[in-house]
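Subject: Structure handover

Hello,

Here is the structure for your set. My notes on it follow below.

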Amino acid sequence: MTVTPRLISALALLCASGALAACGSSGKSSKESTVTPAPASGGGGEQVKLTAKEPGPGKYAFSEAKLTAKAGSVTLTMDNPSSDKESHAIAVEGNGVDKDGQVVQPGSTSTVTADLKPGTYKFYCPVDGHRQGGMEGTLTVK
């Protein structure tokens with residue numbers, strides 16, 4: 001088969017159309033997020049990304065309050081923005097699971113991975129007082 005400029009243009013257009021379609025909105029509210037597949041180098045499983053927030057003095061939150069994931073290896077990744085003033089971490093518990101990620105300084109990321117069965121779990125910040133200040137959410141695994 002001979003590769004012609006017209007064939008190359010057609011393939012480029014096809015690839016660009018696919019990339020644009022992948023950029024669409026999920027239509028979900030900012031309070032709920034669905035996991036996305038982990039990068040191929042991550043060894044499989046699913047990955048959920050969150051961001052720490054401080055809505056006011058002594059009050060804490062994540063960017064998402066409700067998450068869903070498929071059963072199996074699930075990785076929760078929490079970004080602690082460089083604009084934040086405190087250390088944060090991500091943890092998950094429920095159904096016999098209780099795992100904490102590393103506490104990180106502003107500008108860093110905390111990660112926790114667990115093998116999760118179908119059910120309901122809590123994710124939270126294990127830093128003293130942060131969970132009580134509102135930094136927790138619900139993870140539903142199907």
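F62 is buried, at 7% relative accessible area. Buried means under 20% relative accessible area, exposed over 50%, and partly exposed in between, with a 1.4 Å probe and protein chains only. F123 is buried too, at 0%.

Two notes on the source. This is a predicted model: local features need pLDDT of at least 70, side-chain atom pairs count only at pLDDT 80 or more, and totals for chains, interfaces and linings use all residues. Residues are numbered from 1 along each chain as its sequence is written, and side-chain values use heavy atoms, with hydrogens and water left out.

Aromatic rings

How many aromatic pairs does a search of the whole structure find? It finds 1. The ring centres of F62 and F123 are 5.4 Å apart and the planes stand at 50°, so the pair is tilted. The cut-offs: rings of Phe, Tyr and Trp (its six-membered ring) pair if their centres lie within 6.5 Å; planes under 30 degrees apart count as stacked, over 60 as edge-to-face and the rest as tilted. F62 sits in strand β4 (residues 59-62) and F123 in strand β10 (residues 119-124), so the pair ties together parts 61 residues apart in sequence. Strands (E, at least two residues) and helices (H or I, at least four) are DSSP runs, numbered from the N terminus.

R131 lies over the face of Y124, 4.0 Å from the ring centre. The test for a charge over a ring: NZ of Lys or CZ of Arg within 6 Å of the ring centre and within 35 degrees of the ring normal.

Strand β9

S110 is in strand β9. S110 is buried, with a relative accessible area of 0%. A polar atom of the S110 side chain lies 3.3 Å from the backbone nitrogen of I90. Leaving aside neighbours within four places in sequence, S110 contacts (heavy atoms within 4.5 Å) L76, T77, M78, H88, A89, I90, G101, Q102 and V104.

D115 is also in β9, which covers residues 109-116. Is D115 buried or exposed? At 57% relative accessibility, D115 counts as exposed. With neighbours within four places in sequence left out, D115 is in contact with G72, S73 and V97. D115 and G72 are 43 residues apart in sequence, yet their C-alpha atoms are 5.1 Å apart.

A loop residue

N95 lies in the loop between β7 (91-94) and β8 (97-100). N95 is not a glycine, but has a positive phi of about 50°. At 52% relative accessibility, N95 counts as exposed.

Best regards

Key. Polar contact = N/O pair within 3.5 Å; in protein donor to acceptor, adjacent residues only side chain to side chain.
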